[in-house]
Amino acid sequence: MQSTDTTIEKVIAAISDVKRLKSDEVSPESTLAELGLDSLDTINLLFELEETFKVSIPDEEARRVRTVRDVADGIQKLMATAAAGATGDSAA
């Protein structure tokens with residue numbers, strides 16, 4: 001699994017792409033509201049993050065995030081859960 005720093009870098013890159021911002025204008029502590037993400041931007045960002053990280057982000061999770069770090073932490077948890085499910089035993 002990738003490091004949290006790598007995840008944050010990819011999240012920042014995705015936000016920069018969606019909002020047409022320079023990467024140095026986005027920090028892990030930036031809130032999505034401060035960055036000017038509206039509901040359409042957020043949907044576009046979610047699609048881009050799901051494609052980048054190969055995860056499915058539940059709507060309830062998406063509504064909870066406020067900062068760039070929240071987004072990265074949530075993705076890390078989703079990837080850890082997916083990895084555990086892929087290597088875990090399945091009861092039949």
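This is a predicted model: local features need pLDDT of at least 70, side-chain atom pairs count only at pLDDT 80 or more; totals for chains, interfaces and linings use all residues.
Is Leu21 buried, exposed or something in between? Its relative accessibility is 23%, so Leu21 counts as partly exposed; the cut-off for buried is under 20%, and exposed means over 50%.

Who does Leu21 touch? If you skip the neighbours within four places in sequence, Leu21 is in contact with Ser16, Val26 and Leu35. Take Leu35: it comes 14 residues away from Leu21 along the chain, and the C-alpha atoms of the two are separated by 8.8 Å.

Now zoom out to the whole protein. It has four helices and zero strands, so you read the pattern α-α-α-α along the sequence. Here are some overall values:

| Property of the protein | Value |
|---|---|
| Span of the C-alpha trace along the principal axes | about 50 × 25 × 20 Å |
| Accessible surface | about 5,900 Å² |
| Share of that surface from carbon and sulfur atoms | 51% |
| Share of the 92 residues that count as buried | 33% |

How does the radius of gyration fit in? A compact globule with 92 residues would have a value near 12 Å, and the protein has 14 Å, which agrees.

Contacts also reach along the chain: of those between residues at least 6 apart in sequence, 61% join residues at least 24 apart.

Finally, the charges. There are 10 positive and 18 negative side chains in the protein, and the centres of these two sets lie 2 Å apart.

Note on methods
Residues are numbered from 1 along each chain as its sequence is written. Side-chain values use heavy atoms; hydrogens and water are left out. Helices (H or I, at least four residues) and strands (E, at least two) are DSSP runs, numbered from the N terminus. The radius of gyration is taken over C-alpha atoms; the globule rule is 2.2 Å times the number of residues to the power 0.38. Buried means under 20% relative accessible area, exposed over 50%, partly exposed in between (1.4 Å probe, protein chains only). Contact means heavy atoms within 4.5 Å. Accessible areas come from the Shrake-Rupley method with a 1.4 Å probe; for residues, only the protein chains shown count as cover. Lys and Arg count as positive and Asp and Glu as negative; His and the chain ends are not counted. The place of a charge is taken as NZ of Lys, CZ of Arg, CG of Asp or CD of Glu.
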